[in-house]
Amino acid sequence: MGLGAGLPAMKRRSLPRASAAAAVAVAAGLALTLVAGCGGGGGGGNDSITIGVLLPGGGASRFGQSDRPLIEKKLKQLCPDCPVTVAATPDPAVQRQQLEAMITRGVDVLILAAIDAEGIHPSVEAAHRAGIPVVAYDRLAQGPISGYVTFDGAKVGRLQGQGLLKAMGAKAHGGQIVMMNGATIDPNAGWYKGGSLSVLKGQVKIGKSYDTVGWRPENAFVNMTGAIAALGGGNIDGVLSANDSLAGAVVSALNAAEVRPLPPITGQDADLAAVRRIVRGEQYMTVYKPFKPEADAAAEMAIALGRGKTVESIATGTVDSPTTKHIPAVLLPSVSVTVGNIKNTLVKDGMYTIDQICTPNLRSACDKAGLT
């Protein structure tokens, strides 16, 4: 992909900054929490802008644990005086209401990790009409998006497929697998699936393939239970799981059916629970996506667009969505993590400490893995 020239900068609107910073927007019964106040510091004056951040989950989710604090930290570094409002939900309808509340509130720019890329389209259009640029984060929403930051999804899928084949050994030629894919409303899920199939097709038999509604582990558990009943636990030689939450559900279903030994299982996101499963031998690999570069790039795009500038110097290429062509984009690399390189990837990068990974009941496995 060639270097994107960046979409034309949208016109900045004149807003009452003090009142906007002090208000906590409430729309459709949803309170949006102001997480960065307008105070003394380096931003100030006309450089101060209001920023809305919409995430597809909080709390224990990857977005709550990793992305949110990193985005907030980078925004504060770039603009100490910029008020930042964050809203998180796993419900696509609620996310649309949250976005529209931020439009009403009068933010200058939005960072959006969409739950339903197609369903959020009208809300993105509404932001565009209000002169509010939208940076798509991790997932490419439809509509007039001004910038996009994510990881190369095809590579993620290829890493998963390659890892699974390696773990399957002799069964990598003609063995039977189950594919536990992500949600069809998330365009990244199709990206991952296509990347993995580019490696797996012609190598293994795909006994069952599921698109997991809402990326919900409980749905993956039901699907995996069905696959075990249909295929027989002993006839499943591997599971291509699109992320770590789904992998956890797959392991639970296999354990509930007393399948032994467990087949190799893939994942993505390097969740702490998944890293512990890898040490324990319940999951073969995960795809580590260093979230800091992603959060940093999204924050840089948001600040630039909010100040009426282009993102030409930030973008490394362009991507197309079903509705918008040549969106300036940053596509970041990812890394395959197995038990043998946890220390040189996740621990080295400071994502987790040895003590966080190696709980007392994992000490023996950690010793064997060379982590302690």
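Predicted model: local features only at pLDDT ≥ 70, side-chain atom pairs only at ≥ 80, totals over all residues.
Me: How far apart are the end C-alpha atoms of H8, and what should the helix span?
Reply: H8 covers residues 244–256, which is 13 residues. At 1.5 Å a residue it should span 18 Å. The end C-alpha atoms are 18 Å apart, so the two agree.

Me: What caps the N-terminal end?
Reply: Asn-243 does. One of its side-chain oxygens lies 3.2 Å from the backbone nitrogen of Ser-245.

Me: Which residues of H8 are buried?
Reply: Asp-244, Leu-246, Ala-247, Gly-248, Ala-249, Val-250, Val-251, Ala-253 and Leu-254.

Me: And what do those pack against?
Reply: Two helices, H7 (217–231) and H9 (272–280). Also three strands: E9 (176–181), E11 (238–241) and E12 (286–288).

Me: New topic. How many residues are in the largest nonpolar core?
Reply: It has 33. Ile-51, Val-53, Ile-71, Leu-75, Ile-111, Tyr-137 and Met-301 have the most contacts inside it.

Me: Which elements give two or more residues to this core?
Reply: Strands E4 (51–55), E5 (84–88), E6 (109–112), E7 (134–137), E8 (147–151) and E14 (327–332) do. So do helices H2 (62–78) and H10 (291–306).

Me: Where does the largest share come from?
Reply: From H10, with 10 residues.

Me: Pick Leu-75. What does it touch?
Reply: Leu-75 touches Ile-51, Val-53, Val-84, Ile-111, Ala-299 and Ile-303. That leaves out residues up to four places away in sequence.

Me: Now E8. Why is it described as largely enclosed?
Reply: Because five of its five residues are buried. Buried here means under 20% relative accessible area.

Me: Which way do they point?
Reply: Gly-147, Val-149 and Phe-151 point one way from E8. Tyr-148 and Thr-150 point the other way.

Me: How many bridges join E7 to E8?
Reply: Three, and the strands run parallel. In one of them, Tyr-148 is the bridge partner of Ala-136.

Me: And E8 to E14? How many bridges there?
Reply: Four, and these strands run parallel too. Tyr-148 turns up again, opposite Ala-329 in E14.

Notes. Residues numbered from 1 in each chain as written. Heavy atoms only, no water. Expected span 1.5 Å × (residues − 1). Buried < 20%, exposed > 50% of the residue type's maximum accessible area, 1.4 Å probe, protein only. Contact = heavy atoms within 4.5 Å. Polar contact = N/O pair within 3.5 Å; in protein donor to acceptor, adjacent residues only side chain to side chain. Core = buried A, V, L, I, M, F, W, Y, C linked by side-chain atoms within 4.5 Å. Pairing = 2+ DSSP bridges.
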